[in-house]
Amino acid sequence: MVFLIPLIFIISSVFIIDHFYFSKENEVVKQQKQIEQKNIKQGKQKYLENILNQK
């Protein structure tokens, strides 16, 4: 029983640290995706403007 308490503590701490690490990583990925979406929208807008300006 005495050995189970530290084992449970170690396992739970690993999961907690893992959760915080990946939550920060996911925020970075979300920000990068938002930037990419903005760039794609700007690219589409420029493409459409070029088509309209050719006529």
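Here are a few friendly notes on this predicted model, going from the overall form to individual side chains.

1. Let's start with the fold. The protein has 1 helix and 0 strands. Its radius of gyration is 24 Å, well over the 10 Å that the globule rule gives for 55 residues, so the protein is more spread out than a compact globule. The box filled by the C-alpha atoms tells you about the dimensions: roughly 80 × 10 × 5 Å along the principal axes.

2. Next, burial. Of the 55 residues in the protein, 0% are buried. The accessible surface comes to about 5800 Å², and carbon and sulfur atoms account for 66% of that surface.

3. One of its members, Phe15, sits in helix 1, which covers residues 4-54. Phe15 has a relative accessible area of 57%, and because the cut-off for exposed is over 50%, Phe15 counts as exposed.

4. Finally, the aromatic rings. A search of the whole structure turns up 1 aromatic pair. The partners are Tyr21 and Phe22, with 5.2 Å from centre to centre and 75 degrees between the planes. Planes over 60 degrees apart count as edge-to-face, so this pair of Tyr21 and Phe22 falls in that class. The two partners are labelled separately for exposure: Tyr21 is exposed at 51% relative accessible area, while Phe22, at 38%, is partly exposed.

Definitions and conventions. Residues numbered from 1 in each chain as written. Predicted model: local features only at pLDDT ≥ 70, side-chain atom pairs only at ≥ 80, totals over all residues. Heavy atoms only, no water. Helix = DSSP H or I, 4+ residues; strand = E, 2+ residues; numbered from the N terminus. Buried < 20%, exposed > 50% of the residue type's maximum accessible area, 1.4 Å probe, protein only. Phe/Tyr/Trp six-rings, centres within 6.5 Å; stacked < 30°, edge-to-face > 60°. Rg over C-alpha atoms; globule rule 2.2 N^0.38 Å. Areas by Shrake-Rupley, 256 points an atom, 1.4 Å probe, with all protein chains shown as cover.
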